[in-house]
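Work through the exercises below with the sequence and the predicted model in view. Try each task before reading its solution.

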Amino acid sequence: MTTFTWTISALNCIPQTAEGQDYVVTAHWQCTGADGAYTGQVYSTCSFPVESKTSFTPYADLTLNQVLGWIWANGVDKDATEAAQLAAQLNP
């Protein structure tokens, strides 16, 4: 059985915007797939536009799931990334 782990290694911020302090504009993400003796890993970044929003989450209150949701909503295809990891493991 293949398991996938998504992590965020860094967030790049604009120090101050009208929306709030430390506005995240780029996330550095990693997806690791493991299946027994085989592992595969993808590392990339995803940028986010600065938008006027009615809600703003302070940097200290951001969660992994929230940032991953932004990544998947802004051009990173979760299923395709995981499928690529599985293919790399099955055909090293």
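**Exercise 1.** Decide whether F56 is buried, partly exposed or exposed.

*Solution.* The relative accessibility of F56 is 31%. Buried requires a value under 20% and exposed a value over 50%, with partly exposed in between, so F56 counts as partly exposed.

**Exercise 2.** Classify Y23 in the way used for F56, and then work out how the rings of Y23 and F56 are arranged.

*Solution.* Begin with accessibility: Y23 has a value of 6%, and therefore counts as buried. Turn next to the rings, whose centres lie 6.0 Å apart and whose planes meet at 15 degrees. Because planes under 30 degrees apart count as stacked, the pair of Y23 and F56 is stacked.

**Exercise 3.** Which residues are linked into a cluster by ring pairs, and what sits over the ring of W72?

*Solution.* The structure holds four aromatic pairs. Ring pairs join W6, W29 and W72 into a cluster. Over the ring of W72 sits the charged end of K78, at 5.4 Å from the ring centre.

**Exercise 4.** Find which element supplies the largest share of the largest nonpolar core.

*Solution.* This core has twelve residues, among them W6, W29 and L68. Strand 2 (21-35) and helix 1 (64-73) each supply at least two of its residues, and the largest share, four residues, comes from strand 2.

How values were computed: Residues are numbered from 1 along each chain as its sequence is written. This is a predicted model: local features need pLDDT of at least 70, side-chain atom pairs count only at pLDDT 80 or more; totals for chains, interfaces and linings use all residues. Side-chain values use heavy atoms; hydrogens and water are left out. A nonpolar core is a set of buried Ala, Val, Leu, Ile, Met, Phe, Trp, Tyr and Cys residues joined through side-chain atoms within 4.5 Å. Buried means under 20% relative accessible area, exposed over 50%, partly exposed in between (1.4 Å probe, protein chains only). Rings of Phe, Tyr and Trp (its six-membered ring) pair if their centres lie within 6.5 Å; planes under 30 degrees apart count as stacked, over 60 as edge-to-face and the rest as tilted. A charge sits over a ring if NZ of Lys or CZ of Arg is within 6 Å of the ring centre and within 35 degrees of the ring normal.
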